[in-house]
Amino acid sequence: MQQVFVKFNSAEQVRSFVNVISTIEENFDMGSGRRLVDAKSLLGVFALDLTQPQKLRCNSDDASVMEKITPYLYTECLAQNEIVL
């Protein structure tokens with residue numbers, strides 16, 4: 001299982017993210033606090049508070065998954081070593 005933080009700057013970036021992870025067979029959950037949604041659901045992702053970084057969980061340890069989502073990673077969390085692999 002991999003956990004990272006993602007943050008989006010525009011609605012187009014959210015759409016692009018959902019399109020990218022929809023091509024991956026693994027399950028993805030996204031959210032913060034008690035709210036958790038299917039990250040492959042465009043409506044689900046838009047229901048979150050996208051002004052804040054969101055935790056993304058993937059049920060895979062495949063490095064190629066991380067490569068595909070790298071453009072969406074929240075870099076401030078990366079700098080603080082908040083990624084759990």
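## Terms and overall layout

A residue counts as buried when its relative accessible area is under 20%, as exposed when that area is over 50%, and as partly exposed in between. By this rule Glu12, with a relative accessible area of 45%, is partly exposed, and the same terms are used for other residues below.

The structure described here is a predicted model. Its protein chain holds 4 helices and 4 strands, and these elements follow one another along the sequence in the pattern β-α-β-β-α-β-α-α. Of the 85 residues in the protein chain, 38% count as buried. The chain exposes about 5100 Å², and carbon and sulfur atoms supply 49% of that area. Among the contacts in the protein chain with a separation of 6 or more, 66% are accounted for by residues 24 or more positions apart.

## The sheet

Strands of a sheet pair through backbone hydrogen bonds, in either a parallel or an antiparallel sense. In this model the 4 strands form an open sheet in the order S1-S4-S2-S3, and the pairing is antiparallel. Strand S1, residues 2–6, and strand S3, residues 35–38, stand at the edges with a single partner strand each, so one side of each is left without a neighbour in the sheet. On average, and with direction ignored, neighbouring strands of this sheet are turned by 25° against each other.

S1 is joined by 5 bridges to strand S4, residues 54–58, and the two strands run antiparallel; here Val6 has Gln54 of S4 as its bridge partner, while Phe5 stands opposite Lys55 of S4. S4 also pairs with S2 in the antiparallel sense, over 4 bridges, and in S4 it is Arg57 that Asp29 stands opposite. S2 is in turn joined to S3 by 4 bridges, again with the strands running antiparallel, and the bridge partner of Gly31 in S3 is Leu36. S2 and S3 form a hairpin with 2 residues between them, and Gly33, which lies in the turn, has a positive phi of about 65°.

In soluble globular proteins, nonpolar side chains tend to be buried together.

Side chains of opposite charge can pair when their charged atoms come close. The count in this model comes to 1 salt bridge, in which the side chains of Arg15 and Glu12 meet at 2.3 Å, taken from N to O. Arg15 and Glu12 are 3 residues apart in helix H1, which spans residues 11–22, so they are separated by about one helical turn. Arg15 has a relative accessibility of 38% and counts as partly exposed, and Glu12, at 45%, is likewise partly exposed.

## Two contrasting positions

Leu43 is found in helix H2, residues 42–46. With a relative accessible area of 71%, Leu43 is exposed, because this value is over 50%. The C-alpha atoms of Leu43 and Val18, which are 25 residues apart along the chain, are separated by 10.0 Å.

Ser60 is found in the loop between S4 and helix H3, the latter covering residues 63–69. With a relative accessible area of 7%, Ser60 is buried, because this value is under 20%. Leaving aside residues up to four places away in sequence, Ser60 touches Met1, Gln2, Glu26 and Val65.

Note on methods
Residues numbered from 1 in each chain as written. Predicted model: local features only at pLDDT ≥ 70, side-chain atom pairs only at ≥ 80, totals over all residues. Heavy atoms only, no water. Pairing = 2+ DSSP bridges. Axes fitted to C-alpha atoms, helices over the stretch in contact; angles between N-to-C directions. Salt bridge = Lys/Arg side-chain N within 4 Å of Asp/Glu carboxyl O. Buried < 20%, exposed > 50% of the residue type's maximum accessible area, 1.4 Å probe, protein only. Contact = heavy atoms within 4.5 Å. Areas by Shrake-Rupley, 256 points an atom, 1.4 Å probe, with all protein chains shown as cover.
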